[in-house]
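Trainee: I want to know what stands behind each label before I use this model. Can we go through them one at a time?

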Amino acid sequence: MERLSYDYLKKNNPDQLKNNADLPVKVLQIGEGNFMRGFLDWMIEHMNRQGLFNGSVAALQPTPHGRKIPDLHAQDNAYTVQLRGRLDGRTIDRADLVTAISTSINPYEEWEKAVAVARAPGLEVLTSNTTEAGIVYQEEDWNRDAAPLSFPGKTTQLLYERYTAFDGDPDKGLVLLPCELVERNGDVLKDIVLRKIEDWSLSGDFRKWVTEHNEFCQTLVDRIVTGYPAGIEEYQEKLGYEDRLLTVAEPYHLFVIEGGERARRVLPLEDAGLNAVFGPVEDYAELKIRLLNAPHTMMFAPAFLYGVDTVYEAMQNPDIRAFVEGAMDHAIKPVLPYDKEEKDRFARDVLERFDNPYQRHMLTDLGQNGMQKFGTRVQPIWEKWDSRDPANQYFTLALAALLVYYQPQEKGQEKVQGYALGRDMLLRDSEEKVNKMYDLWRRHERQELSTAALVEECTDDSVHAPLVGEYIDALLENGAVSVLQQFHIDAKEEIQ
Ligand SMILES: NC(=O)c1ccc[n+]([C@@H]2O[C@H](COP(=O)([O-])OP(=O)(O)OC[C@H]3O[C@@H](n4cnc5c(N)ncnc54)[C@H](O)[C@@H]3O)[C@@H](O)[C@H]2O)c1
Ligand SMILES: O=P(O)(O)OC[C@@H](O)[C@@H](O)[C@H](O)[C@H](O)CO
């Protein structure tokens with residue numbers, strides 16, 4: 001089967017390239033992961049096809065470990081987004097070809113190409129998605145000839161190149177749209193960029209240009225993008241070409257951008273019929289992170305240890321479903337500051353999205369950087385409860401299952417082998433987390449560390465370690481099926 005490329009399209013579907021090939025770069029995107037390809041790049045494609053944007057994307061690999069750039073090059077940056085699921089009462093199963101990316105760059109090998117994009121007159125937007133792990137401050141040396149390691153470092157250096165190229169022209173500032181799922185992500189990025197300007201002793205005029213003529217927007221993104229699917233042959237058979245970047249996503253999408261008129265003018269998303277809101281992210285963020293992402297983070301470990309692999313399978317299991325719905329109804333909704341009706345409607349829609357039979361959303365993908373996500377997405381809701389309330393049990397069990405799940409069988413980084421309750425998995429987390437959990441579990445095995453002490457070593461004071469330890473021991477001794485079944489029975493009697 002022939003691989004997707006511009007040559008393939010010219011031969012077989014030239015109309016697909018008519019409006020899109022050779023559009024000038026308007027967006028510099030740090031991050032080339034599934035989400036960005038299935039979300040913002042897909043949106044840019046839609047705007048381009050309607051003649052509303054007329055610009056393309058330069059995608060930059062954010063870390064030295066990326067693997068997507070060779071595939072992007074091999075396919076002339078073209079790929080397919082397969083939308084699968086229900087929207088507004090209709091079933092959608094549609095392949096959208098995306099040619100919005102015109103250049104993809106490994107900045108560790110060709111930094112000068114990234115600099116050329118930053119210096120392009122028509123550039124309007126700098127966007128990113130580097131996971132929560134990427135939008136952090138990191139100390140690094142100034143070297144104008146090479147890519148800084150961190151994403152904010154690259155952002156600072158590329159803004160500096162732009163500032164220098166146009167002599168501080170106020171009209172050449174950018175709209176910055178970080179898409180990481182971090183509260184007030186625009187402010188977070190701006191603060192780190194300003195810190196880097198200090199670190200690198202860049203001029204006060206540059207600092208002024210950054211703050212006065214660049215707009216750091218807060219954003220909230222929402223779309224379940226499950227990425228490259230199992231059973232790719234079935235998709236390729238229908239498409240007629242091989243696509244190693246094919247990305248599966250649900251049809252639902254929401255992009256909230258808290259920015260001024262400029263962001264709205266630059267990105268006419270609403271005119272293109274896309275579900276975008278230009279307004280305060282707070283109106284959406286808490287609902288989405290606490291009622292969608294937090295249940296994901298609370299469910300993945302109990303469900304995986306129970307023996308299922310995907311969100312859909314988990315939701316079809318009565319014990320796991322009871323845990324997830326119970327957590328949403330009894331542990332999350334009561335402490336969220338929204339109208340009851342709004343919370344109920346949002347939770348109902350989320351359950352419908354989790355019930356999407358067309359998506360294979362792998363629980364192990366939800367588990368990537370799981371400990372960090374528990375801290376940012378779940379812990380803040382847990383902390384709102386009095387420690388004697390029965391609602392605590394949902395969080396206690398979720399944390400216990402998470403720690404049982406996190407048993408690396410080797411030290412290392414990026415992807416290491418894990419094993420828990422008879423199941424193998426790949427753990428993807430920072431080297432520091434992996435090595436720490438490895439050491440803690442080995443000490444626990446040698447009985448040098450009690451279970452409660454293990455919990456204490458990886459949580460803060462707000463967590464009642466002995467209770468979490470009891471659930472861990474129950475999971476280790478009786479397995480997740482027994483624990484979740486018992487939880488289901490107890491919850492019916494005690495909590496609901
Ligand atoms: N997949 C979804 O459904 C979805 C939906 C909404 C938001 N998101 C957000 O998108 C992020 C990425 O998800 P994805 O599905 O694209 O995953 P992915 O694995 O396909 O992409 C992850 C991207 O983050 C980069 N990255 C990872 N660690 C980094 C670090 N330490 N520094 C800089 N860059 C780093 C990778 O290089 C890659 O570009 C998630 O963390 C989440 O915040 C995902
Ligand atoms: O993408 P992550 O790994 O940060 O989080 C896992 C999921 O909760 C997340 O991808 C959701 O599906 C998404 O946030 C929906 O908009």
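The talk below takes domains, ligand shells and sheets in turn.

Mentor: Ground rules first. This is a predicted model: local features need pLDDT of at least 70, side-chain atom pairs count only at pLDDT 80 or more, and totals for chains, interfaces and linings use all residues. Residues are numbered from 1 along each chain as its sequence is written, while chains are lettered from A and ligands numbered from 1 in the order in which they are written.

Trainee: How do you know where domain 1 and domain 2 run?

Mentor: From the domain assignment, which gives domain 1 as 6-280 and domain 2 as 283-494. Such bounds come from an automatic or database domain assignment. The centres of the two domains, taken over C-alpha atoms, are separated by 31 Å.

Trainee: What makes up the contact between them?

Mentor: Domain 1 puts in 22 residues and domain 2 puts in 17 residues. Contact means that two C-beta atoms, placed from the backbone, lie within 7 Å. On the side of domain 1 that touches domain 2, strand 3 (79-87), helix 6 and strand 9 (218-222) each give two or more residues. That side has 10 nonpolar, 5 polar and 7 charged residues.

Trainee: What makes a residue nonpolar, charged or polar here?

Mentor: Ala, Val, Leu, Ile, Met, Phe, Trp, Tyr, Cys and Pro are nonpolar; Asp, Glu, Lys and Arg are charged; the others, Gly among them, are polar.

Trainee: Which residues form the shell around ligand 2?

Mentor: L181, D222, R223, I224, L292, N293, H296, L366 and Q368. Each passes the cut-off: its C-beta atom, placed from the backbone, lies within 6 Å of the molecule. By class that is 4 nonpolar, 3 polar and 2 charged. Helix 12 (residues 282-306) has the largest share, 3 residues.

Trainee: Why is ligand 2 said to lie between the domains?

Mentor: Domain 1 and domain 2 both give residues to its shell, so ligand 2 lies between them.

Trainee: And ligand 1: how many residues surround it?

Mentor: 21, with G33, F35, T130, T131 and G134 the closest. Helix 2 (34-38), helix 6 (131-134) and strand 10 (225-227) each give two or more. Helix 6 gives the most, 3 residues. The shell divides into 8 nonpolar, 10 polar and 3 charged.

Trainee: What makes a run a helix or a strand?

Mentor: Both are DSSP runs, numbered from the N terminus: helices are H or I with at least four residues, strands are E with at least two.

Trainee: Why are strand 4 and strand 10 called edges?

Mentor: Start with the order, 4-3-11-10, in an open sheet of 4 strands with mixed pairing. Strand 4 (90-98) and strand 10 each have a single partner strand, so one side of each is left without a neighbour in the sheet.

Trainee: How do you know that strand 10 pairs with strand 11?

Mentor: Pairing needs at least two DSSP bridges between two strands. Strand 10 and strand 11 (residues 247-249) are joined by 2 bridges and run antiparallel, so they pair. G227 stands opposite V248 in strand 11.

Trainee: What is the order of the sheet of 3 strands?

Mentor: 9-12-13, open, with mixed pairing. Strand 9 and strand 13 (276-278) are its edges, each with a single partner strand. Strand 9 and strand 12 (residues 254-258) pair antiparallel over 5 bridges. There, T219 stands opposite I257.
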